[in-house]
Amino acid sequence: MLGSGCWVLGAGCEVLRGLTATNNRMLDLFTPRVRLARRHPNFIGYLQRSQFHRDVLLDWSDGFVDRDGKFVMEFQTTFNSSFWELYVFACLKQMGFQVDFSIPAPDFVVCRAGQPMFCIEATTANNAAQAAEEWQRAGRRRKQSMSAAL
């Protein structure tokens, strides 16, 4: 057991069933897989931004293993939780950690020098009931700022 209730099964951070951050192919995040009506507004926003912005997310995803085969679909339809997972993964890579993807849960079994160090379950909070979604609030703030500047 690691830390506060995180069990590591199997052989820790060894290569297990080939699921490591070093041999995974790049995720195809931005080729639409769902009809327009199902696409999350934040995903649509990234499709409309410059390639530079998409490349940043693709860099974050380099080495990320889609263990259940539905990450890209969730990225395009629900967006926020998938975006958060990619960000956490990018931070772990930047700090020199490895991730053992052979275990289905939690999201990240974090290792250093082949040894499990800690676990992370990446979670996001939803809006309060009856509250505007964050992409709606951001649009209102931009309009208010532009009005105030005039």
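Buried means under 20% relative accessible area, exposed means over 50%, and partly exposed lies in between, with a 1.4 Å probe and protein chains only. By that cut-off aspartate 100 is buried, yet it has no salt bridge. A salt bridge here is a side-chain nitrogen of Lys or Arg within 4 Å of a carboxyl oxygen of Asp or Glu.

This is a predicted model: local features need pLDDT of at least 70, side-chain atom pairs count only at pLDDT 80 or more, and totals for chains, interfaces and linings use all residues. Residues are numbered from 1 along each chain as its sequence is written, and side-chain values use heavy atoms, with hydrogens and water left out.

**Overall build**

- The chain has five helices and three strands. Helices (H or I, at least four residues) and strands (E, at least two) are DSSP runs, numbered from the N terminus.
- Along the sequence the pattern reads α-α-α-α-β-β-β-α.
- Of the 150 residues, 33% count as buried.
- Take contacts between residues at least 6 apart in sequence: 61% of them join residues at least 24 apart. Contact means heavy atoms within 4.5 Å.
- The accessible surface comes to about 9,400 Å², and 54% of it belongs to carbon and sulfur atoms. Areas come from the Shrake-Rupley method with a 1.4 Å probe; for residues, only the protein chains shown count as cover.

**Charged residues**

- Lys and Arg count as positive, Asp and Glu as negative; His and the chain ends are not counted.
- Side chains of opposite charge can pair when their charged atoms come close.
- A search of the whole structure finds one salt bridge. Lysine 70 forms a salt bridge with glutamate 74, with the closest N and O atoms 3.8 Å apart.
- Lysine 70 counts as partly exposed because its relative accessibility is 42%. Glutamate 74, at 30%, is also partly exposed.
- Aspartate 100 sits in strand β1. For aspartate 100, the nearest side chain of opposite charge is arginine 67, 6.9 Å away.
- The side chain of aspartate 100 makes a polar contact with the side chain of serine 102 at 2.6 Å. A polar contact is a pair of N or O atoms within 3.5 Å; within protein, one must be able to donate a hydrogen and the other to accept it, and residues adjacent in sequence count only if both atoms are side-chain atoms.
- Aspartate 107 is buried and has no salt bridge; arginine 67 is its nearest side chain of opposite charge, at 4.4 Å.
- The side chain of aspartate 107 reaches the backbone nitrogen of alanine 122 at 2.8 Å.
- Leaving out residues up to four places away in sequence, aspartate 107 touches Arg67, Glu85, Phe101, Ile120, Glu121 and Ala122.

**Strand pairing**

- β2 and β3 pair in the antiparallel sense over five bridges. Two strands pair if DSSP finds at least two bridges between them.
- Valine 109 stands opposite cysteine 119 in β3.
- The hairpin of β2 and β3 has two residues between the strands, and alanine 113 there takes a positive phi near 55°.
- Alanine 113 is exposed because its relative accessibility is 71%.

- Most residues other than glycine have a negative phi, and most peptide bonds are trans.
- Phenylalanine 79 is not a glycine, yet has a positive phi of about 60°. It lies in the loop between α3 (71-77) and α4 (80-94).
- Phenylalanine 79 is buried, at 3% relative accessibility.
- A cis peptide bond joins alanine 105 and proline 106, with omega about 0°. Proline 106 is in the loop between β1 (98-100) and β2 (108-112).
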